[in-house]
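Trainee: I would like to go through this structure term by term. Please set each value against its definition.

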Amino acid sequence: MAFFDILKCTALYTFYSVTFFAIGVFSYRLLLHPLRGYPGPFVAKISDAHNGFFAINKRLHIVTREDHIKYGSVMRHGPNKLVFNTVQALHDIYGNERFIKSHIYNATTQTPGVYNTFNVIDKDAHRSKLKIVGKVVNERGMRFFEPTMQEQINIFLRTLGESSSESSASPVNMTDNIRNLACDIIGLLAFGYPLELQTTATNHFMVKGMALANWLVNTRMQWFRIQQSRINDLLILLDTGVREQYKRLLERMIKGRLSEDKHIRHDLYSIASEANEDLANPGGSIRLSDIWAEAAAFFPAGAFSTSGALSALFFYLVRYPECYDRLASEIRSTFSNRAEIKSGPQLSSCLYLRACIDESLRISPPVPGTLWRERASSDNDPRPIIVEGHEIPKGIQVGVNSYALHHNDAYFPEPFRFMPERWLPSESSEEQRKIMNAAFSPFSIGYRTCAGKSMAYLESSLVIALTLWYFDFEAAPGKLAMVGGGTPGSLDGRAHTNEYQLYDTFNGAHDGPYLVFRPREDYIKDFRLRGQGSS
Ligand code: HEM
């Protein structure tokens, strides 16, 4: 037999084998699988390629909502995945400790076997990690860290001041400025390291690199087969350059921190070291690699989410001038000078500010996707696990999509309208607020809820209150004013012009809004422009 005949024969044999195998698998998934009776998109029933494809084009949150409208509040969104769109399911899933994070979170580890609080699956390991991280970012931790956060916000305000001049103001892309601020804050919280993204361009590559990494990681999570295949090696090539640069930067941060006294400042390293020294602490053998894995995870978890929340809120404030006016008036009448704008009873009394933050987190949740959970393979409890009346067998992943739930009009009437007043006791009935509070889940709920929630609220409140204290602002003129919103007539689910658009990469990516700033009198008094000395 000639060489080419053998080759042809092998190719045909492989083709038929693969085709028969695929037909076998797809038929099983359609006809015999335990989830065969559930409605859902045809491709999703036979392959994770459905979610993988929409993760690649960053629209999975929108498609999930649209699919719920077509298929109902429980649907099959992958061969082994059920996604729900009700409050009952939210609490049945995330409130039940027998559900653990799905194995797909393994796609987010940088080094095999080294986990952080976000991606660790084992419950005991999670508990000991959370003990440490919790101390860094909880309310008490924030009392130590707030002065550092305030210093960084001052730099942010100065940058806004420099963008404005009496005659003409240059438009500021809030996504860039806020992301730089949020990363600078996290660099100091995690490593005590001044990244100085707000003032110099040297480390800007890390923001781009992390955005790319978020997208790749989310694609691997949603289409886990990629993670297990050779395609993954090709994907890794895409971000190798930036990854190397980022690794070197992390090494610099770590070396710098190790050369200092452990307790020189309140950051992750000092708190983890303290826990290590505490012999009574059962988690007292924390490896250095664990601490740095934790610190590195703070950037996507802490900086990218907070930047999404704040960029969205600036967008809604200029799109809804009546809300802007009401919030500006609340801030300017609550405080009598800049020094009063800090955590405490005065800031907490700004109910409209909190309502604006929550309403923005509702319409544009910074983590807009489905947070997959499953039964642990070691769960031998004979009692069934029920989600809204559906028994969930082992091997099935379940979840609720926060974007879809936050736009479910059974819980939030007029879901695409920014209406902070819906959260105010004086303007919305107790019954309606009870319904909304049960469905509101931008930080998720239950034992794996966001560890940095207090920090997120503090940072968001300070940034918005201080910006309104020092500036008036509005949308940039011309076409720039459109950046961030939907496009009328768009057929890809992005037609809502007044909705801040998120691009689902686990932490939603985003752009804009472009704003112009006019300093108020206090700005001129409190800040001297750089070059004339700092305030
Ligand atoms: C508006 C801002 C934020 C939002 C919307 C947000 C949202 C979330 C969500 C939805 C989760 C659950 C993820 C999952 O189940 O896979 C989470 C977890 C987490 N977040 Fe945040 N987050 C924000 C800010 C922060 C900040 C500032 C930090 C502090 C560094 C932080 C640290 C964490 C950590 C460590 C976890 C893992 C917690 C665990 O599994 O026990 N987050 N966050």
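Mentor: Start with a pair: the side chains of Asp267 and Arg257 meet at 2.6 Å, N to O. The model is predicted, so local features need pLDDT of at least 70 and side-chain atom pairs pLDDT 80 or more, while totals for chains, interfaces and linings use all residues. Residues are numbered from 1 along each chain as its sequence is written, and side-chain values use heavy atoms, with hydrogens and water left out.

Trainee: Why is the meeting of Asp267 and Arg257 called a salt bridge?

Mentor: The term requires a side-chain nitrogen of Lys or Arg within 4 Å of a carboxyl oxygen of Asp or Glu. Arg257 and Asp267 meet at 2.6 Å, so the pair is a salt bridge. Asp267 lies in the loop between helix 12 (240–258) and helix 13 (268–277) and Arg257 in helix 12, so the pair ties together parts 10 residues apart in sequence. Helices here are DSSP runs (H or I, at least four residues) and strands are E runs of at least two, numbered from the N terminus.

Trainee: How many salt bridges does the structure hold?

Mentor: The structure holds 18.

Trainee: What makes Cys450 a donor to the iron atom of the ligand?

Mentor: Donors are N, O and S atoms within 2.8 Å of the metal (3.2 Å for Na, K and Ca); water is not among the atoms, so sites may look incomplete. The SG atom of Cys450 is 2.3 Å away, so it counts, and it is the single donor from the protein. Cys450 is found in the loop between helix 19 (430–439) and helix 20.

Trainee: How do you know that the peptide bond from Gly512 to Pro513 is cis?

Mentor: Its omega is near 0°. Pro513 is in the loop between strand 9 (471–475) and strand 10 (514–519).
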